Amino acid sequence: MEWDAKKYNTTHDFVFKYGAGLLELLPKESKKVLDIGCGTGALTSQIAELGHEVTGIDQSLNMINQAKESYSDLSFLQEDILNPSDQIGQYDVAFSNAVFHWIPDQELLLKNISEHLNVNGQLICEFGAVGNVQSLREAFGRELNALGVPFEEPFCFTSAEDYRILLEKNHFEVLEILEYERPTLLKGGKDGLRQWMEQFYSVELGELSEDQKEEVLENMERDLKSWLWKKDHWEADYRRLRIKAYKK
Ligand SMILES: C[S@@+](CC[C@H](N)C(=O)[O-])C[C@H]1O[C@@H](n2cnc3c(N)ncnc32)[C@H](O)[C@@H]1O
């Protein structure tokens, strides 16, 4: 899918604001860091401010162009981590926030990361855990079902236990793996839920007619109101996995 970088920076900036906590896991001394799925570059620039030599990569041209425009002194490449080119190079740390759950082939992802890491290089990442935004996903699935539209889940959400096994199988030693609940305020007041859907399920919603889309979003707002609406905003039931591992 292609990203709306402007909307991401204004309405969904919670993604990199929450991701800032992950920066604390970075080594204190200066390292070569690859920011995988850097998006609009907000965390990439904070990594640089911490004194690291950082390159941001993202498969989305919109995101990379926005990152280059905002942080013209930093290095950004349009690259798909599942099909990387030689220009990426070698790193001490692979960093990534809110990206891995978008990637269906996790074995290939870890293999490619490993190839761009030096021996003993670190992997520091955070992404959606099993059960992430479960109520939203289930409600959307029910609505599409009712319309007779097939729903294929675009996300891959894993448990700490399963991801530890996957990392070890792919020659990483796990130093830290944390699965936690992170209730997340959606900006936009009463429109917050539909704005979140329009960003993160843009492909699926784009396949519906305008009337169908409106019906789906209205039904979701009605059905989810009793547990996700908090007086003046929507709160999504986010669950995350935070990981620090190194390449053996
Ligand atoms: C939710 S955004 C997170 C962006 C950024 N890390 C942040 O914290 O703001 C997910 C990003 O992952 C990127 N992405 C998804 N799959 C990718 C892949 N295979 N290779 C590179 N980037 C990818 C998307 O283009 C998008 O910019």
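Reply: Contact means heavy atoms within 4.5 Å. The model is predicted. By that cut-off, Leu-193, Arg-194, Met-197 and Glu-198 of H8 meet H10 at Lys-213, Glu-214, Leu-217, Glu-218, Met-220, Glu-221 and Leu-224. Sorted by class, the contact of H8 with H10 has 5 nonpolar, no polar and 6 charged residues.

Me: What makes H8 oblique to H10?

Reply: Helix H8 (residues 192–200) and helix H10 (residues 210–228) pack at an angle of about 130°, and their axes are 10 Å apart. That angle makes H8 oblique to H10, because over 145 degrees would count as roughly antiparallel and 65 to 115 as roughly perpendicular, with oblique for the rest. The crossing of H8 past H10 is right-handed.

Me: Why are H6 and H10 called oblique to each other?

Reply: The axes of H6 (residues 134–147) and H10 cross at roughly 140° and come within 10 Å. Roughly antiparallel is kept for angles over 145 degrees, and H6 and H10 are therefore oblique to each other. H6, too, passes H10 in a right-handed crossing.

Me: Which residues of H6 and H10 meet?

Reply: On the H6 side they are Ser-135, Leu-136, Ala-139, Phe-140, Glu-143 and Leu-147. On the H10 side they are Gln-212, Glu-215, Val-216, Asn-219, Met-220, Asp-223, Leu-224, Trp-227 and Leu-228. By class, the contact of H6 with H10 has 9 nonpolar, 3 polar and 3 charged residues.

Me: Which residues of H10 are buried, and what covers them?

Reply: Buried means under 20% relative accessible area. In H10 the buried residues are Lys-213, Val-216, Leu-217, Asn-219, Met-220, Glu-221, Leu-224 and Leu-228. Their cover includes H6, H8, helix H9 (202–206), strand E8 (229–230) and strand E9 (233–236).

Me: Where is the kink in H10 centred?

Reply: The kink in H10 is centred on Arg-222 and amounts to about 30°.

Me: Elsewhere, how do you know that Thr-55 is buried or exposed?

Reply: Thr-55 has 11% relative accessibility. The cut-off for buried is under 20%, so Thr-55 counts as buried. Thr-55 belongs to strand E2 (residues 53–58). Not counting residues up to four places away in sequence, Thr-55 touches Val-33, Leu-34, Asp-35, Thr-44, Ser-75, Leu-77 and Tyr-91.

How values were computed. Residues are numbered from 1 along each chain as its sequence is written. This is a predicted model: local features need pLDDT of at least 70, side-chain atom pairs count only at pLDDT 80 or more; totals for chains, interfaces and linings use all residues. Side-chain values use heavy atoms; hydrogens and water are left out. Axes are lines fitted to C-alpha atoms, for helices over the stretch in contact, and angles run from 0 to 180 degrees between N-to-C directions. Helices (H or I, at least four residues) and strands (E, at least two) are DSSP runs, numbered from the N terminus. Angles under 35 degrees count as roughly parallel, over 145 as roughly antiparallel, 65 to 115 as roughly perpendicular and the rest as oblique. A crossing is left-handed if the near helix is turned anticlockwise from the far one by less than a right angle, and right-handed if clockwise. Ala, Val, Leu, Ile, Met, Phe, Trp, Tyr, Cys and Pro count as nonpolar, Asp, Glu, Lys and Arg as charged, and the others, Gly among them, as polar. The bend at a residue is the angle between axes fitted to the seven residues ending there and the seven starting there. Buried means under 20% relative accessible area, exposed over 50%, partly exposed in between (1.4 Å probe, protein chains only).
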